[in-house]
Amino acid sequence: MMIGRSTFRAATWSVRFFRSSVTVKESTAPKGKFLSPKELVNKKHAEEVEAKEFRNSLLKEEFAFEPKIIKEDVDTSTKRPIPLNVELLQYKPMRLPRTHGHKVAEIKFRGYDEKDIIRASEFAARAAFFLGIPCSKVHTLKTEKRLYTVIKSPFAQAKSKENFHRVTFNRSLIAYDANPEVLDLWLSYINKHAFDSVKYMAKVHTRESLDFAEKLATLTSDDMKLPEAYSSDSTDPIAAKVQELLKSDTFKQYIDKAE
């Protein structure tokens, strides 16, 4: 008597970790008019002469190396003590005490690489300390874990499964008692040195008087002026462009029409 056997194909399982990052590249399109070959050669020559003069000016005088240090340890390669700003990278970011406890901003960091998340959040905390902004410690938020199961192929290997495991790390940092201009400077500095693999989300809190809406409704185009910090500098191209827009007839037309 023969007994038939049923052949079973065992499903294969595998776990893969993947990361997602977005890299933004600046446009390489030429700005302005093209230089002629002679103008380009003259420009390169002028830059070389300027760089040579700058190097010679640095070599004329000897600069004393007297950094502030914590330890008396000497670097084996440079034979010099480790500067204070480099030594502090081995410790947690320092924090300033709160004066009033008014929450002015909250930054959330989100990404798939935990090391980049830690570096980005601690960089923001250190920048806040040197700008005089009281901040909380870097809070660790809930880590999100997701498992995606898909088939390897729709036909030949339809019974074979494949798993993708994604882990998303989250951190948050809260700033207190900061001037709006200093807060904008802090956020712009963080944005300038942001990590490509980290997503930044900032929530800014502002406080206005109770009659703010009434004052805003009565504003006219003549009341729109640049801050004194920008209006005093006539060499700033951005300030000049904003000043030009504020004085344009189109801007005045839309502002007066909104009233």
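1. A charge is taken to sit over a ring if NZ of Lys or CZ of Arg is within 6 Å of the ring centre and within 35 degrees of the ring normal. In this predicted model, the charged end of Arg 98 meets that description, sitting over the ring of Tyr 176 at 3.9 Å from the ring's centre.

2. Turning to contacts between rings, the count of aromatic pairs comes to 3. One of them is formed by Phe 109 and Tyr 200, whose rings are arranged edge-to-face, with 5.4 Å from centre to centre and 75° between the planes. Phe 109 belongs to strand E2 (residues 103-111) and Tyr 200 to strand E6 (residues 198-204), so this pair ties together parts that are 91 residues apart in sequence.

3. The two partners in that pair can also be described by their accessibility. Phe 109 has a relative accessible area of 1% and is therefore buried, whereas Tyr 200, with a relative accessible area of 25%, is partly exposed.

4. Phe 123 and Tyr 189 also form a pair, and this one is stacked because the ring centres are 5.6 Å apart and the planes lie at 20°, where an angle under 30 degrees counts as stacked. The pair links distant parts of the chain, since Phe 123 is found in helix H3 (residues 114-130) and Tyr 189 in helix H4 (residues 180-192), 66 residues apart.

Conventions. Residues numbered from 1 in each chain as written. Predicted model: local features only at pLDDT ≥ 70, side-chain atom pairs only at ≥ 80, totals over all residues. Heavy atoms only, no water. Phe/Tyr/Trp six-rings, centres within 6.5 Å; stacked < 30°, edge-to-face > 60°. Helix = DSSP H or I, 4+ residues; strand = E, 2+ residues; numbered from the N terminus. Buried < 20%, exposed > 50% of the residue type's maximum accessible area, 1.4 Å probe, protein only.
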